[in-house]
Amino acid sequence: MSDEFALVNVLSRDTYEQGHIPGSINIPVDEIEEEAAERFTDTQDIVVYCLSEDCHTSEKAADKLE
């Protein structure tokens, strides 16, 4: 994980294990609020991503983080 920002895959753990961006961590969208509060500071940048531009899971995660 970068010191500048956290790169977070918000898909299921199974999907993450099948493939992900190197250096990213996995926090499924249903766990993002609780996990983010425990893992990151209020000022840390968090970049979320999912499967493709047709996947809207990252948008849901971003909304929850706001």
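What radius of gyration would a compact globule with 66 residues have, and what does the protein have? I looked this up at the outset. A compact globule of that length would have a radius of gyration near 11 Å, and the protein has 11 Å, so the two values agree. I note here that the model is predicted.

**Entry 1: overall form**

I next looked up the extent of the chain. Along the principal axes, the C-alpha atoms fill a box of roughly 30 × 25 × 20 Å. I then listed the secondary structure and found 3 helices and 3 strands. Read from the N terminus, the order of the elements is β-α-β-α-β-α.

**Entry 2: contacts and surface**

Among contacts with a separation of 6 or more, 50% join residues 24 or more positions apart. Of the 66 residues, 35% count as buried. The protein exposes about 4700 Å², and carbon and sulfur atoms supply 44% of that area. I also looked up the charges: there are 4 positive and 17 negative ones, and their mean positions lie 6 Å apart.

**Entry 3: the nonpolar core**

Which residues touch the most other members of the largest nonpolar core? I found that this core has 14 residues, and that V8, V10, I27 and F40 have the most contacts with other members. Strand β1 (5-9) and helix α2 each supply at least two residues of the core. As a general remark, nonpolar side chains tend to be buried together in soluble globular proteins.

I followed V8 further. Apart from neighbours within four places in sequence, V8 is in contact with I25, I27, I32, F40, I46, V47, V48 and Y49.

Is T57 buried or exposed? I located T57 in helix α3, which covers residues 57-65. Its relative accessibility is 18%, and T57 counts as buried because the cut-off is under 20%. Leaving out neighbours within four places in sequence, T57 is in contact with V10, L11, V29 and C50.

I then turned to T43, which is found in the loop between α2 (32-39) and β3 (45-49). T43 has a relative accessible area of 72%; residues over 50% count as exposed, and T43 is therefore exposed. Finally, I looked up the separation of T43 and C55. They are 12 residues apart in sequence, and their C-alpha atoms are 27 Å apart in space.

Terms used: Residues numbered from 1 in each chain as written. Predicted model: local features only at pLDDT ≥ 70, side-chain atom pairs only at ≥ 80, totals over all residues. Heavy atoms only, no water. Helix = DSSP H or I, 4+ residues; strand = E, 2+ residues; numbered from the N terminus. Rg over C-alpha atoms; globule rule 2.2 N^0.38 Å. Buried < 20%, exposed > 50% of the residue type's maximum accessible area, 1.4 Å probe, protein only. Contact = heavy atoms within 4.5 Å. Areas by Shrake-Rupley, 256 points an atom, 1.4 Å probe, with all protein chains shown as cover. Lys, Arg positive; Asp, Glu negative; His and termini not counted. Charge placed at Lys NZ, Arg CZ, Asp CG, Glu CD. Core = buried A, V, L, I, M, F, W, Y, C linked by side-chain atoms within 4.5 Å.
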